[in-house]
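Let's take a look at this one together. Here it is, with its sequence.

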Amino acid sequence: MQTKIVKINRENFTDIQLNEAGEIIRDGGLVAFPTETVYGLGGNAFDPEAASKIYAAKGRPSDNPLIVHIADMDGLSEIVENVPESAAKLAAAFWPGPMTLVMRKKPVVPDRTTGGLDTVAVRMPVDEIARALIRVSGVPIAAPSANRSGRPSTTTAQHCIEDLDGRIEMIIDGGSVDIGLESTIVDVTGDIPMLLRPGAITLEMLRDVLGRVDIDPAILGPMAEGVRPKAPGMKYKHYAPKAELTIVMGEPDKVRDKINELVAADIAAGRKSGVIATLESRNAYHGQTTLKVMGTRNDESTVARNLFAILREFDETGVDRIYSEGFEDTGIGRAIMNRLRKAAGYSILEVD
Ligand code: TXA
Ligand code: MG
């Protein structure tokens, strides 16, 4: 299949430029498109065949449900049985935006879209290109992140080309995304709302609106045998770079010393290693290492924006080991650490 690449200038475009993309979606085809979080791989959410094509293009297990993207609140009532009070409050506060809500689905949403669950994950993105695409398509768009299964999510059209060229009908190039990590997912089907995946809408922000919000234990660590995470996607291997990634946590000076020591040991053993640092620490690393700067600790959203691109870059440098600094589990740091821990296969070194 020839994948058409269409550039859209987000500062200045009209819906007409998305007509062909909308037609592809309506006809059951697939279009990768930008959202404010990461690029999505979209298909008609009402079409089970489109869902199957999405799983095939990603190489994703079909029990891992897709997020359904809507443009307005009418789109919501079309696909969910009822809107719980907590959902209405969260939607009023954070939609359109980087938050996904899990609710009971209506029968029009095919089982293949929801991986056989009787619930559906719904998001109203704020990105103008994403919103225009949903409008022009005339149907809600089912879209997982636009990466091959197991790879870091895509934050540029170039990443989508790397992973999906020749496997889907179109890639819309709308430039780099704003946030860089996938949406916050909240399950609002139970009595107490539960955070299933941390994102840019932080736990603190959710609690400001709702009071009590619980955390799915699957977020914090590796799955114990037999424990089923609420978001099926949380059980799969994610984001893993080819190199072995270790997160080094602790007091900043000690973290830097430890990483320098590990790099020196790698050099002595003939291994190539890389370091993921921050603006504040970049000059503290020496020795033969590939150094990449995620962003600044003064504004962790810069770290969120660059993390996935950096993990992809390391796959091209051919290093054997990567050491990354860690962050605190507060604010967006919780989402950064959730992705980093998974990328590291939960390999964390505490220095003290
Ligand atoms: O920011 C995002 O959410 C991006 C953009 C494209 O919107 N999408 C995204 O989709 O990250 P994906 O498929 O990579 O992640 C969806 C997650 C998976 O972990 C999946 O298991 C969970 O949402 N999920 C989907 N439907 C669910 C449901 N009904 N109940 C619980 N978890 C669900
Ligand atoms: Mg994904």
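Is Arg151 buried, partly exposed or exposed? Arg151 comes out as partly exposed, with a relative accessible area of 23%. Keep in mind that this is a predicted model.

Arg151 has a partner, too: its side chain meets that of Glu162 in a salt bridge. Arg151 sits in the loop between strand E7 (141-142) and H6, while Glu162 is in helix H6, eleven residues apart. Glu162 is also partly exposed, at 36% relative accessible area.

The structure holds 23 salt bridges. Here are some of them:

| Pair | N to O distance |
|---|---|
| Lys7 and Asp173 | 3.1 Å |
| Arg151 and Glu162 | 3.9 Å |
| Glu261 and Lys258 | 3.2 Å |

Lys7 belongs to strand E1 and Asp173 to strand E8, so this bridge ties together parts that are 166 residues apart in sequence. Lys7 is exposed, at 65% relative accessible area, whereas Asp173 is buried, at 17%.

Glu261 and Lys258 are three residues apart in helix H8 (residues 252-268), so about one helical turn separates them. Glu261 is partly exposed at 47%, and Lys258 is partly exposed at 23%. Elsewhere, shared partners join Arg151, Glu162, Asp163, Arg312 and Asp315 into one salt-bridge network.

Now for the inside. The largest nonpolar core has 44 residues, and Leu90, Trp95, Leu101 and Leu206 have the most contacts within it. Elements giving two or more residues to this core include helix H4 (85-94), strand E5 (99-104) and helix H7 (203-210). A second, separate core has 26 residues, among them Tyr239 and Ile332.

Technical notes:
Residues are numbered from 1 along each chain as its sequence is written. Chains are lettered from A and ligands numbered from 1 in the order in which they are written. This is a predicted model: local features need pLDDT of at least 70, side-chain atom pairs count only at pLDDT 80 or more; totals for chains, interfaces and linings use all residues. Side-chain values use heavy atoms; hydrogens and water are left out. A nonpolar core is a set of buried Ala, Val, Leu, Ile, Met, Phe, Trp, Tyr and Cys residues joined through side-chain atoms within 4.5 Å. Buried means under 20% relative accessible area, exposed over 50%, partly exposed in between (1.4 Å probe, protein chains only). Helices (H or I, at least four residues) and strands (E, at least two) are DSSP runs, numbered from the N terminus. A salt bridge is a side-chain nitrogen of Lys or Arg within 4 Å of a carboxyl oxygen of Asp or Glu.
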